[in-house]
Amino acid sequence: MIPALIVFAYLGVVLYIGIFAFRGRSGSAEEYFLAGRSLGPAVFLLSLFGTNMTAFTILGSAGHAFANGIVTFSLMASASALVIPLTLFFIGTRLWALGKRHGFMTPVQMFRDRWECGHIGTAIFAVQAALLVPYIIIGVMGGGTALRGISGGVIPYWLGGAIVALVVMSYVFFGGMRGTAFVNTFQTVLFLSFGAIALIVIGRGMGGFPQTMESLLASPDTAPLLTRERISPWYYFSYTFIPLSTIAFPHIAIFCLTARRMAQFKRTVIFYPLCIMAIWLPCVFLGVAANSLRDVPKIEQKLEARAALAALPPTAPAEERAALRRQAAGDDVVLVMLETFAPLWLAGLLGAGIMAAVMASDSQILALSTMFTEDVFAYYEGTAKFGERVQVHTGRLFVVLLTVVAYAIAMRAPQGIFELAVQYAFSGYAALSPLLVAALFWRGSTKWGALAVTLWVAFAVAYTSQVPGALAWFGLLPVVPMTLISCALMIVVSLATPKPSAVTIDRYIAAR
Amino acid sequence: MTSNRLLLSAAIAALYLLHQDVWFWREARPLVFGFLPIGLAYHGLYCLAVAALMWVLTRVAWPAHLESAAPGGPEDHSR
């Protein structure tokens, strides 16, 4: 129960930081939704990084590495280490400048202005919002699972989910962007400490890593985990498209508008790859090293399930395969290693680090609230009729409604469905990224090109989620054809349709 | 395109290609520091190289004109 108490203390601290960050601030929409565009350099870097880290970063990455080996790091971490800072450098800075100059608070506001359109912007809003909802539901589910695990089953799943949802809702409701950013900063410091401490404690407990690696290399079953021989280079290559999704996520694009000065992007883009390395490298390494712990019963059971899965004939029933896959899943290997090698109080502190990762849905809830109030409420004259205070109240009410609906769905639906939906959402946002590139860098782009991309992405996400293996051409992930077709549609449709006025285009891209 | 821009574009393209390190595809050894498989150590180093590239980009190709055109920047004459 000690770890659960430490986690509750952590939740109390988070609540305090989130709620009191907003105290004494003006009640304007810009202050509530964008922290008054005034975040300082450290909060901007740490919070932006924390916003992009989810439960998958700590638990899922170790679980993926447990099953697939060191390839997890280069597939998901080092590819992001290059692509995300580049998109922040080229796109994030431009979004910041346009937001500052024209007062934009969401990407859709910018698209509407750039392409002189109204309802097409609403269509983009609808697709962006639909792709974001599964993340919020997954956040509630992750909270329930993590609190149940950390308390040793004393806190049931429904209560754990409710506690986490209530804490997140409270600080987003009261603290807005400023509260969310401060909480994310605190959480990122916890993430960064988590990896290093876990590595040292577990390494000592295992009797040193050199010996562990030699034992893995000595077995033909585990030696391939230390190479990438089980993965095709094409499949590996296609993973470099996934991080394009980051800048297209509304909560990341909106966060780019919160910096006080553009210079704050400088440190962010330099330190981002280092932060990725500091968090992912220990988690992936520990996930791989867990394969040597055959004397730990929970891990031995997973390894046996994996061997049984590999030996199953292709004709085996799908239920049997699914059951073995669940048993072999390694999402909790880091927790098991901590349970085995760390003292109770440290396991509690590290549990708080894991909760920090699980509670990453705050930015997405706030982003959806911002999008709803700006792209729908304000756009369709709500603010003009009722005033800015009502707009902020509407945003807060939306936060409550969204959390309640997400909780209700999370308690009823099976987790697998939403985990899958999140995977498709990554591809969907990556395929939406040409919208930003075209709006900011191509004078020839048009609203009809944007509409074609939006409809294509909506169709492709629905299609790939219904038809297994769809669009996985030449052994590539579906994200590659989805993104390339988006680019082609933007070019072809824009060339065939009328452009916005030259005055509008000049405000975005200087004529050469 | 200026020679600086050309060099930086080439550096970005080179780093993107270096991510596809087929030369360490089937190798686990040498174990760097005695425990890090070479494929993992390479990508750890890769992250450091990206940070260095980003540092160079912020020094040489920083889009300062965007900031100066924003309200409150040097080119803002609205107040």
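Modeller: B:Phe33 counts as exposed because it has 9 C-beta neighbours inside 10 Å. A residue is called buried if 20 or more other C-beta atoms lie within 10 Å of its own, exposed if 12 or fewer do, and partly exposed in between, with the C-beta atoms placed from the backbone. This is a predicted model, in which local features need pLDDT of at least 70 and side-chain atom pairs count only at pLDDT 80 or more, while totals for chains, interfaces and linings use all residues. Residues are numbered from 1 along each chain as its sequence is written, and chains are lettered from A and ligands numbered from 1 in the order in which they are written.

B:Phe33 sits in the loop between H1 and H2 of chain B. Helices (H or I, at least four residues) and strands (E, at least two) are DSSP runs, numbered from the N terminus. The phi of B:Phe33 is near 55 degrees, a positive value in a residue other than glycine. That loop between H1 and H2 of chain B also holds B:Pro30, and the peptide bond that joins B:Arg29 and B:Pro30 is cis, with omega about 0 degrees. Most residues other than glycine have a negative phi, and most peptide bonds are trans.

Of its 79 residues, 23% count as buried. Two residues are in contact if their C-beta atoms, placed from the backbone, lie within 7 Å. Among the contacts in chain B between residues at least 6 apart in sequence, 37% join residues at least 24 apart.

Confidence is given as pLDDT, the predictor's score for each residue, from 0 to 100. Chain B averages 87, and 85% of the residues score at least 70. Among the elements of chain B, the highest mean pLDDT is that of H2(B), at 96, and the lowest is that of H3(B), at 80. Over residues 74-79 of chain B, pLDDT stays under 50, and the model has six contacts beyond four places in sequence for this stretch. The model as a whole scores ipTM 0.91 and pTM 0.91.

The contact between the chains takes 37 residues from chain A and 32 residues from chain B. On the side of chain B that touches chain A, helix H1 (3-18), helix H2 (38-60) and helix H3 (64-69) each supply at least two residues. H2(B) gives the most to this side, with 12 residues. By type, the side of chain B that touches chain A divides into 22 nonpolar, seven polar and three charged residues; Ala, Val, Leu, Ile, Met, Phe, Trp, Tyr, Cys and Pro count as nonpolar, Asp, Glu, Lys and Arg as charged, and the others, Gly among them, as polar.

Chain A has a positive phi of its own at A:Arg37, near 50 degrees, again in a residue other than glycine. A:Arg37 is in the loop between H2 and helix H3 (41-52) of chain A. With 19 C-beta neighbours inside 10 Å, A:Arg37 counts as partly exposed.

The 32 residues of H7(A) should span 46 Å, and its end C-alpha atoms are 47 Å apart, which agrees. Just after H7(A), A:Gly152 takes a positive phi of about 65 degrees. Helix H20 of chain A (residues 388-412) has 25 residues and should span 36 Å; its end C-alpha atoms are 36 Å apart, which agrees. The buried residues of H20(A) include A:Gln391, A:Phe398, A:Leu402 and A:Tyr407. Among the elements that cover them are helix H2 (29-34), helix H7 (119-150) and helix H8 (157-205) of chain A.

The largest nonpolar core has 185 residues, and those with the most contacts inside it are A:Val284 and A:Leu286. Such a core is a set of buried Ala, Val, Leu, Ile, Met, Phe, Trp, Tyr and Cys residues joined through C-beta atoms within 7 Å. Its largest share, 18 residues, comes from helix H5 (residues 71-102) of chain A. Beyond its neighbours within four places in sequence, A:Val284 is in contact with A:Ser61, A:Ala62, A:Ala65, A:Ile70, A:Thr72 and A:Phe73.

Technical notes
The expected span of a helix is 1.5 Å times one less than its number of residues.
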